[in-house]
Amino acid sequence: MLDIASVAELLEQPRRIVITTHHKPDGDALGSSLGLYNYLIQKGHHAKVIVPSDYPDFLSWMPGNEEVIIYTDHIQTAETLIEEAELIFCLDFNTLSRINEMGERVRNSHAVKIMIDHHLDPEDFDDFRYWDINACATAQLVYVFIADALNNKALINKDVATCLYAGIMTDSASFRLPKTTAEVHIIAAELINAGAVNWRIHELVYNSSSENRLRFLGHCLSNKLEVLNEYNTAIIAVTKEEMQRFHTETGDTEGVVNYALSIANIRLAAFIVERTDEVKLSLRSKGDFPANEICKKYFSGGGHRNAAGGRSDQPLNEVVEQFKSILPSYKKLLIQ
Ligand code: 5GP
Ligand code: MN
């Protein structure tokens with residue numbers, strides 16, 4: 001493991017740098033990556049953000065977005081960049097399986113690997129780790145990394161601030177989740193001072209739905225919501241056919257699960273969706289209910305206590321039944 005002084009020294013000279021983040025990047029994945037990108041280019045580095053998959057329109061506006069390389073669309077370019085990189089930053093994930101086929105390329109690369117992340121159970125593939133599970137967002141850690149660890153607060157310009165604000169805002173669910181500490185608000189204030197236009201960022205992320213997305217949400221809430229009062233659990237399960245019928249696009253399912261969780265007595269909510277090659281589960285919980293435990297134990301996934309995800313190769317209806325069959329063993333925690 002390197003120490004921060006060695007990392008700072010490495011970054012003193014222009015380097016070839018790759019920044020990558022997890023499959024289906026969310027606001028924090030992109031915000032932290034592009035925030036770091038906009039910082040590194042000011043230092044004269046040749047930096048590129050490479051993401052394993054596409055991402056929704058409501059995240060496609062951040063400064064530097066047009067420079068992002070989607071691995072599956074430009075495999076050759078991406079692999080050359082990874083191969084030639086001197087440093088690789090891995091942001092908002094901590095196991096290489098989260099970046100799909102890119103994972104092995106990154107593992108085999110000779111670059112110095114720096115992990116900046118706030119998820120549990122990191123895999124041991126990095127050379128330097130800026131990791132804190134108490135951070136509400138990776139973007140928060142990137143802020144502290146630049147401002148405090150590298151002592152470069154002056155380089156947090158409008159572009160850096162805009163991306164980092166977007167990351168913190170989305171991962172804290174608009175400054176609502178328990179990890180939104182006073183420090184997070186202070187950092188948000190610093191970012192606004194540095195040029196982030198907070199109200200505009202909220203507009204761009206939350207008020208930019210397509211009509212299809214809203215109609216799909218309406219369908220989920222009117223026709224698909226199943227409330228299991230005995231277990232204080234709500235489930236929304238959606239088939240591939242329904243996804244097609246509502247012309248859903250990447251990102252349209254984002255946040256649907258939160259509506260299920262917003263019912264007063266509900267402690268656990270699941271959004272279960274049939275994708276082309278697998279069934280994907282998104283779990284959300286209130287209080288100390290460990291949604292990540294269910295994902296890790298039964299659905300080859302993981303995540304945070306209150307927001308976790310997983311997958312299954314079984315048919316949708318069987319996954320729903322399996323999920324329901326797990327609930328009795330958690331009944332005590334669910335009906336507290
Ligand atoms: P989402 O429901 O939005 O897909 O995921 C919620 C959170 O669960 C993510 O922020 C991520 O931390 C975690 N997560 C989702 N899918 C996986 C997965 O397959 N593996 C792991 N380890 N975590 C996941
Ligand atoms: Mn995050």
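Tutor: A residue counts as near a molecule if its C-beta atom, placed from the backbone, lies within 6 Å of it. Keep in mind that this is a predicted model.

Student: Which residues are around ligand 1?

Tutor: The residues around ligand 1 are His119, Ser282, Gly301, Gly302, Gly303, His304, Ala307, Ala308, Gly309 and Gly310. Two elements each give two or more residues to this shell: strand 11 (302-303) and strand 12 (307-312).

Student: Which element gives the most to the shell around ligand 1?

Tutor: Strand 12 does, with four residues.

Student: How many nonpolar, polar and charged residues does the shell have?

Tutor: Sorted by class, the shell around ligand 1 holds two nonpolar residues, eight polar ones and no charged ones. Gly is counted as polar here.

Student: Now the strands. How many bridges join strand 10 to strand 12, and do they run parallel or antiparallel?

Tutor: Strand 10 and strand 12 run antiparallel and are joined by six bridges. One pair to look up is Arg284, whose bridge partner in strand 12 is Ala307.

Student: What should I know about side chains along a strand?

Tutor: When a strand is regular, its side chains alternate between the two faces of the sheet.

Student: How many residues of strand 10 are buried?

Tutor: Strand 10 covers residues 279-285, and six of its seven residues are buried.

Student: What do strand 9 and strand 10 form?

Tutor: They form a hairpin, with four residues between the two strands. Strand 9 (residues 268-274) runs antiparallel to strand 10, and seven bridges join them. Among the pairs, Glu274 has Val279 in strand 10 as its bridge partner.

How values were computed:
Residues numbered from 1 in each chain as written. Chains lettered and ligands numbered in written order. Predicted model: local features only at pLDDT ≥ 70, side-chain atom pairs only at ≥ 80, totals over all residues. Buried ≥ 20, exposed ≤ 12 C-beta atoms within 10 Å, placed from the backbone. Pairing = 2+ DSSP bridges.
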